[in-house]
Amino acid sequence: MRKIRHSNTQTAHSAPSAGHYLRSFALTCAVLLGFCALLVFLLDPFFHYHRPWFGLAAVQTEKEYQVVGALDHLPYDSLIVGSSVTENNYNGWYDEAFGGQTIKAVRSYGATADLCWLLSRAHETHRLRHVYYNIDPTSLYAEPEITFAASGCPMYLYDRNPLNDVSYLLNKTVLFEEIPHSVLMSLRGYDENTSYNWCASKTFSRDAALSHYTRSETVLPEQSEHAKDEELRGNLALLTAEVAAHPETDYYFFFPPYSALWWDNAVRTGARDYVLYDESRAMKTLLLYKNVRLYCFQADTEIIFDLDNYMDALHFRPEINHQMVTWMKEGEYELRSDADVDAQIDALRRVTDRAARSEY
Amino acid sequence: MLFNSYIFIFLFLPLSLAGWYALNHFHRYRAALAFLCAMSLWFYGYFHPKYLLLLLGSIAMNYALSSVIAMVERRGPVPPVLRRLFLVLGTGGNLAVLFYFKYTDFFLSTCNAVFRTDWALRHIMLPLGISFFTFQQISFIADRALGDAPHYPLLQYLTFVTFFPQLIAGPIVLYDEMIPQFENPENRRFRPDSFRRGVYLFSLGLAKKVLLADTLAGQVAFGYGHTYYLDALTSLLVLLSYAFELYFDFSGYCDMAMGIGWMFGIALPVNFDSPYRTASMKEFWQHWHITLQRFFTRYVYFPLGGSRHGRLRTVRNVLIVFLLSGFWHGAAWTFVLWGLLNGLAVVFDDLGILTASSPGPAAARRPLSPGRPFAHRRYFLRHAPLITLPRPAMQALTFLFWTISLALFRADSVATASQMIRNLFTRWWLPGYLFLTGEQFQPVELYTVHKGLSLFAPSLLRPCSTVLWILMLTLCSYLVFFRENSVRMAGHCAFSRRDAVLSGILFCWSVLSLSGVSTFLYFNF
């Protein structure tokens with residue numbers, strides 16, 4: 001009888017009840033997943049919940065993941081807004097030139113709707129003194145639609161729905177890569193002014209620029225300057241709405257100096273006329289606002305014809321970014337009236353003619 | 001919705017289980033079935049709501065035909081001609097829908113190539129799971145037309161087709177194994193043992209999918225993107241990686257489906273039974289995608305005469321089955337050739353030229369599911385095999401053949417596939433693209449190791465990644481060749497505290513792997 005009882009007890013030990021297994025399983029999961037979520041919340045490498053704690057630096061290297069959190073939670077009163085050509089800016093250049101504390105709100109391709117969305121987001125939580133807005137010519141005639149979701153951005157970091165934060169809190173890459181990266185960079189003395197800089201890994205030279213450019217042998221007929229009117233109207237409406245809604249903020253709009261290769265391509269694809277027309281319309285519209293200052297660096301032939309400044313047809317070395325800040329501070333290349341705009345567009349037309357005639 | 005997603009694991013599945021058991025607890029059996037259908041439709045519609053219409057339309061078409069047959073049956077015996085007409089209507093209707101969505105572009109592009117026409121391709125988006133739910137319904141309507149299946153109430157039929165664990169990726173279930181289970185009140189009761197086995201199997205399946213298959217996917221994509229630069233060794237490693245990726249991906253998904261089924265108290269048929277441990281292609285196809293082979297055996301091979309009308313007709317029937325199987329897997333000539341190649345291998349196995357010394361443990365086991373094809377071993381050319389090799393050698397040959405045949409399955413063109421296979425026999429220089437392909441293997445768990453190497457010993461980065469890749473393949477080999485498969489593990493598991501903790505860790509690790517941080521490839525900025 002004893003033996004039987006003993007045997008039964010053993011069976012009970014070797015085959016625990018289903019509830020026992022399920023409880024242990026659930027407890028293991030709760031502890032592990034809870035720990036991971038807590039770790040991500042505390043160290044928060046994408047600034048989704050708070051600015052960096054524990055003395056960590058705000059390491060910013062993944063713009064699609066970090067820009068929104070940075071706009072929500074980092075301290076700043078000025079913004080550099082634009083596409084990848086603005087990313088090599090050292091934020092401190094702007095602080096020195098204009099005062100304030102500057103961070104970046106950048107977006108690949110610099111679509112106007114995306115950048116305006118980021119600006120609105122910043123205005124929700126911060127009172128902005130200055131906005132340094134880089135206008136890429138392409139952003140004026142691109143579709144005036146927000147592209148974050150369509151381009152695969154992690155929308156759980158863009159919306160304010162706490163339920164989908166699970167994609168951030170229980171994320172292997174965040175745990176094993178982003179957090180160690182953030183901690184290591186902080187320990188190595190990361191300079192927050194270099195946020196999203198990519199120039200260190202690229203080569204700027206004539207050869208590099210030309211290696212990314214294939215010159216079309218044919219020159220397409222020039223399209224009407226009104227070819228992109230509808231898109232232009234939409235994009236300008238977005239920009240002017242932003243400017244009008246915040247008269248307390250000074251907006252510094254500037255057109256960056258794309259290389260002669262880019263203008264050569266514009267001529268050969270028949271886009272030059274509507275590009276220049278769109279720029280002219282944009283400039284004249286923006287000049288209607290008192291809180292806007294406008295600069296155009298596109299006709300500086302010393303820069304744009306020297307292909308050693310570029311890594312491809314449009315991305316230039318960081319020294320050019322610095323030069324633009326200095327010029328803005330000094331009022332160089334500033335456009336103050338419609339007459340200035342017309343003169344600038346004429347100059348640009350001559351530049352494009354020369355670009356199209358040049359040999360590369 | 002995918003099983004390997006947060007919304008499924010943390011919201012959909014708990015909600016479905018809670019609703020199902022709560023309604024059954026209060027004896028609301030019809031409401032429980034309706035709830036399950038509604039949840040399944042949400043599951044399916046989550047991908048693309050408009051395809052719900054297609055699913056429901058397909059169900060309505062089949063159910064309407066079944067109702068018509070029932071009406072005719074009530075009036076008296078149904079003439080065979082009428083039954084054949086119902087059969088043609090039922091299968092033809094289903095196949096027409098499948099053809100339109102899956103094969104229209106293939107048909108048009110083939111016509112354009114052969115007849116030099118210029119028909120524009122339609123680029124029709126393929127509705128998820130259409131091959132699976134169409135075949136399920138063909139099985140029902142074919143048997144219904146022939147008078148072998150009863151007419152079921154709409155709710156039962158709807159549940160049979162839409163039951164979400166098997167809706168989008170199988171296994172291909174049959175009405176006679178599913179509907180009785182839904183009707184059985186015993187299955188409506190919460191059974192802790194079935195539930196824990198389901199949890200355990202789901203965890204294993206999820207790990208197979210996201211920890212093994214998805215980790216190997218990078219190498220495979222890179223390898224097939226650079227076929228013309230690969231050396232023999234790299235090609236072999238890429239082919240092996242794909243063989244493991246495919247197995248862990250599909251069988252992992254089926255494990256999850258089966259595990260969820262067990263959580264609901266419903267048993268789904270086994271779809272993979274250690275196929276890489278088989279010693280011939282014939283045996284292989286009795287262990288790989290078992291429910292598809294069962295379907296083809298029951299609804300194509302047997303109606304064509306099976307093996308009862310001489311050797312030549314048997315060979316023809318086998319080749320037809322495998323051609324159709326290849327075509328079912330994808331609308332491209334690569335799949336058709338892949339199916340044909342496998343069919344020829346199965347026929348070769350029947351010739352009696354080469355065979356394994358022992359049938360192996362699998363043959364001694366009771367079949368996991370009924371209707372396995374080619375159950376009787378007969379040789380076409382000889383009474384006894386000409387060459388007999390030890391079983392491990394035949395296992396290796398079978399696996400090698402399968403792995404190489406998958407070049408056709410994975411490649412986007414016959415040219416790419418043949419280049420991949422040619423690499424194995426012609427490109428004997430090293431290292432080729434070995435280290436470059438190996439470099440793609442950078443599991444995020446080892447980020448700090450990779451970062452350290454790239455900072456302090458950058459020259460070691462590629463060799464180390466390559467070694468890690470090979471270690472990963474070794475681990476996969478160990479799991480598939482020497483360990484029991486996950487369904488059997490779930491069957492034998494003692495469910496001790498250690499098992500609970502280990503499966504919990506595996507589950508958590510998998511859950512953490514569901515989300516990542518993508519690289520946005522805009523000039524690599």
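User: What distance separates the C-alpha centres of domain 1 of chain A and domain 2 of chain A?
Analyst: The C-alpha centres of domain 1 of chain A and domain 2 of chain A are 55 Å apart. Domain 1 covers 2-41 and domain 2 covers 44-357 of chain A, with bounds from an automatic or database domain assignment. This is a predicted model, in which local features need pLDDT of at least 70, side-chain atom pairs count only at pLDDT 80 or more, and totals for chains, interfaces and linings use all residues. Residues are numbered from 1 along each chain as its sequence is written, while chains are lettered from A and ligands numbered from 1 in the order in which they are written.

User: How many residues of domain 1 of chain A are in contact with domain 2 of chain A?
Analyst: Contact requires C-beta atoms, placed from the backbone, within 7 Å. Six residues of domain 1 of chain A are in contact with seven residues of domain 2 of chain A. The domain 1 side of chain A has six nonpolar, no polar and no charged residues; Ala, Val, Leu, Ile, Met, Phe, Trp, Tyr, Cys and Pro count as nonpolar, Asp, Glu, Lys and Arg as charged, and the others, Gly among them, as polar.

User: What makes E3(A) and E4(A) a pair?
Analyst: Strands are DSSP runs of E, at least two residues, and helices are runs of H or I, at least four, numbered from the N terminus. Pairing needs at least two bridges found by DSSP. E3 (residues 130-134) and E4 of chain A have five bridges in the parallel sense, and His130(A) stands opposite Asp250(A). E4(A) is also joined to E5 (residues 292-296) of chain A by five bridges, again parallel.

User: Why are the buried residues of H2(B) said to line one face of the helix?
Analyst: The buried residues of H2(B) include Leu33(B), Leu36(B) and Phe43(B). Down the axis of H2(B), the buried residues fall within an arc of 165 degrees, so they line one face; the arc is that of the directions from the helix axis to the C-beta atoms.

Methods. Two residues are in contact if their C-beta atoms, placed from the backbone, lie within 7 Å. A residue is buried if 20 or more other C-beta atoms lie within 10 Å of its own, exposed if 12 or fewer, and partly exposed in between; C-beta atoms are placed from the backbone.
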